[in-house]
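The sequence and the model are shown here.

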Amino acid sequence: MAMAVAPVESMESLSSDLFYDILRRLDGPTLASAACSCAAFCSISKEEKLWENVCSSMWPSTNREDVKSLISSIGGFRKFYADCFPLIVNKEVTEHQWNNYPEYPEEWTEAEYYGDMDEFESISPSDFVSIVDVRYKDKTICSKVLWGIPNANGFDGWFYNCPFRIDLLTYAARDDENDGEVTLSVSDGLPPIASMERERKDGKLWQELRDGLRLSWIVVNRKIKQAANLASWSPLGGQRHWPTEKDFVLRFGSVLPAKDILPCQVVECILSMKFRVIHTEGEDVQTTLKLTELSMQLEDMEGSHVNGRNSLLILKEALSCRRSKNYSEVLESCHLYSKVQSELKEEKMRIESRLDRIFILGGISVFVMFWYIIL
């Protein structure tokens, strides 16, 4: 029996409820594109509920009631998605800049070392919130929220002068309802491993981790009502830990501006994720990995850790820096930083090698002169 279909005279003749039902099924980029297609889609796409669904699908940690309240207080889910979906891109790292790399002064005055004290007093560690989600092959395996910066108590505290580092698994678990171990197994899509010796030869598990893991580390400043994703989404690199090689470390991150904060002008935000093999394939036992580390730290161009005070200033600046939806552009920025950093290290090694040769030749000359005078 044939079914008659009534012709649609115009878009205006369709119900807005039908439009809403269509748009609520879209992901973020598609929803943003649809909003530009016609006035009806543009009007409906402003509904906060649509963007709340998009955010909860992409970042499950935003389903928490306290996080929902936080997002509402800083401008809503639509603004939150617009701030955090594009990744940070920094192309201010140039060879010319680092060929003229500014040296740190031999003696710092208190004003030079600490910078603008009034600006820093406006930054409170308690204003920062970390919203973190880890996925493996589109399945969420870990969601954590950390309110404030741990151990940042008072301006005279050790935090401000010691290397900045956040170990999320240590601190977020205190207030997290789901604070159990985070594991990956064959049931999650991992390849079975008969032994670590076999894995060292074929590297199948290592490749699967690099290809399948995704990290989102969103930092929110409640006072200035800004947010940004500091992760690179997919790993930038990684390594196996000696001596057992049961630990797999993956490195994510971004290049952040540090203009007027540090002489190097830019720093690297390093997000480390470590998995340990706790079971290999055996009788009634599946290959299983345990997440043992999820941390953030900042390093300058020379590989030195940035202290707590300067890290807070840099994080604040990062929330308003340039971003891009083009992932290849983000990777290009990170690779450029690594390239220039390697060139700087090689140049320093050449200088140190020349100095060593000069000192050795000088020592030999003094020794020969000494015996020449004696004889």
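In which strand is lysine 274 found? Lysine 274 lies in strand E10. The model is predicted, with local features needing pLDDT of at least 70, side-chain atom pairs counting only at pLDDT 80 or more, and totals for chains, interfaces and linings using all residues. Residues are numbered from 1 along each chain as its sequence is written, and side-chain values use heavy atoms, with hydrogens and water left out.

**Strands**

Helices (H or I, at least four residues) and strands (E, at least two) are DSSP runs numbered from the N terminus. Two strands pair if DSSP finds at least two bridges between them. Strand E9 (residues 247–257) pairs with E10 (residues 266–279) in the antiparallel sense over eleven bridges, and leucine 256 stands opposite valine 267 in E10. Strand E8 (residues 237–240) runs antiparallel to E9 and is joined to E9 by four bridges. Here glycine 238 stands opposite leucine 250 in E9. Because ten of the eleven residues of E9 are buried, the strand is largely enclosed by the rest of the structure. Buried means under 20% relative accessible area, exposed over 50%, and partly exposed in between (1.4 Å probe, protein chains only).

**Two residues**

Glutamine 286 is in the loop between E10 and strand E11 (288–299).

| Residue | Relative accessible area | Class |
|---|---|---|
| Lysine 274 | 15% | buried |
| Glutamine 286 | 37% | partly exposed |

Contact means heavy atoms within 4.5 Å. Not counting residues up to four places away in sequence, lysine 274 touches His241, Asp247, Phe248, Val249, Lys290, Leu291, Thr292 and Glu293. With that exclusion, glutamine 286 touches Ser185, Val186, Ser187, His279, Thr280 and Glu281. Glutamine 286 and valine 186 are 100 residues apart in sequence and 6.2 Å apart in space, C-alpha to C-alpha.

**Helices**

The axes of helix H4 (residues 48–58) and helix H6 (residues 77–84) come within 8 Å and cross at roughly 45 degrees. Axes are lines fitted to C-alpha atoms, for helices over the stretch in contact, and angles run from 0 to 180 degrees between N-to-C directions. H4 and H6 are therefore oblique to each other; angles under 35 degrees count as roughly parallel, over 145 as roughly antiparallel, 65 to 115 as roughly perpendicular and the rest as oblique. The contact is made by Glu48, Trp51, Glu52, Val54, Cys55 and Met58 of H4 and by Phe77, Arg78, Phe80 and Tyr81 of H6.
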